[in-house]
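Subject: A structure for you to look at

Hi there,

Here is the structure I promised to pass on to you.

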Amino acid sequence: MPNSIAVFCGSREGASPAYMDSARALGREMARREIKLVYGGSRMGLMGAVANAVLENGGQAVGVLPDFMQGREIAHTGLTELIMVKSMHERKAKMAELAEGFITLPGGSGTMEEYFEIFTWAQLGLHTKPTGVLNSAGYYDPLIALFDRMTGEGFVMPHHRAMMLTAEGPADLLDRMEAYRAPENPQVLTEERT
């Protein structure tokens, strides 16, 4: 089981209460399993909900927030650690460095950008960490269907499609991440080759 997981999610609550419930449930389960949370550092929306649930249940939460977003996202001041960085690129790199796995909760375009970048890095062999999608209230049904379509149309290899771990509940997803073994990648790329 990863000792630390980066969670990508929205800084808004979303339309369904199920999204906040799911974020809190993930935070509680991570704390129960003694998995450190690494996330975007905000106290708002799903981001704040997962961090608060981790902290309220005795876990550790590390936020990574760009300087320019401190006022916009309102930094969470009660974290185990808040790391301030200069840019969004630095934020993602620091989160990837600190995390041994990744989970995506509901969110908008920023959440999708974070997920797709980290998934692509795995596809290219730049990391072998598990990448999970918590499909709260069916939010990611269209994304899962899109991955199936991309695979069926030959744009995603089946062994890469299998790297997209999904579940409707946090415990199931964390169990799948614990059992995950990265596929052997015949064309492993290095950072210098990308």
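Tyr19, Met20, Ala23, Arg24, Leu26, Gly27, Arg28, Met30 and Ala31 in helix α1 meet Gly45, Leu46, Ala49, Val50, Ala53 and Val54 in helix α2, where contact means heavy atoms within 4.5 Å. Sorted by class, this contact holds 11 nonpolar, two polar and two charged residues. (Ala, Val, Leu, Ile, Met, Phe, Trp, Tyr, Cys and Pro count as nonpolar, Asp, Glu, Lys and Arg as charged, and the others, Gly among them, as polar.)

Before going on, please keep in mind that this is a predicted model, in which local features need pLDDT of at least 70 and side-chain atom pairs count only at pLDDT 80 or more, while totals for chains, interfaces and linings use all residues. Residues are numbered from 1 along each chain as its sequence is written, and side-chain values use heavy atoms, with hydrogens and water left out.

The helix pairs

Helices (H or I, at least four residues) and strands (E, at least two) are DSSP runs, numbered from the N terminus. The axes of α1 (residues 17–32) and α2 (residues 45–56) come within 7 Å and cross at roughly 30°. That makes α1 roughly parallel to α2; angles under 35 degrees count as roughly parallel, over 145 as roughly antiparallel, 65 to 115 as roughly perpendicular and the rest as oblique. Axes are lines fitted to C-alpha atoms, for helices over the stretch in contact, and angles run from 0 to 180 degrees between N-to-C directions.

How do α4 and α5 pack? Helix α4 (residues 88–98) and helix α5 (residues 109–123) pack at about 55°, with their axes 12 Å apart, and are therefore oblique to each other. Here Arg91, Lys92 and Ala96 in α4 meet Glu113, Glu114, Glu117, Ile118 and Trp121 in α5. The residues of this contact divide into three nonpolar, no polar and five charged.

The sheet

Seven strands form an open sheet in the order β4-β3-β2-β1-β5-β6-β7, with parallel pairing (two strands pair if DSSP finds at least two bridges between them). β4 (81–85) and β7 (164–167) stand at the edges with a single partner strand each, so one side of each has no neighbour in the sheet. From one strand to the next, the twist averages 25°.

Strand β3 (residues 61–66) pairs with β4 over five bridges, and there Gly63 has Leu82 as its bridge partner. β5 and β6 are joined by three bridges, with Ile103 opposite Gly132. Four bridges link β6 and β7, and Val133 stands opposite Thr166 in β7.

Helix α1 lies across β1 (4–8), β2 (36–39), β5 (102–104) and β6 (131–134), running at about 170° to β1. Helix α8 (residues 170–179) also packs on the sheet, touching β1, β5, β6 and β7.

At 1% relative accessibility, Ile35 counts as buried. Leaving aside neighbours within four places in sequence, Ile35 is in contact with residues including Met1, Met30, Gln60 and Leu174.

Enjoy exploring!

Conventions
Buried means under 20% relative accessible area, exposed over 50%, partly exposed in between (1.4 Å probe, protein chains only).
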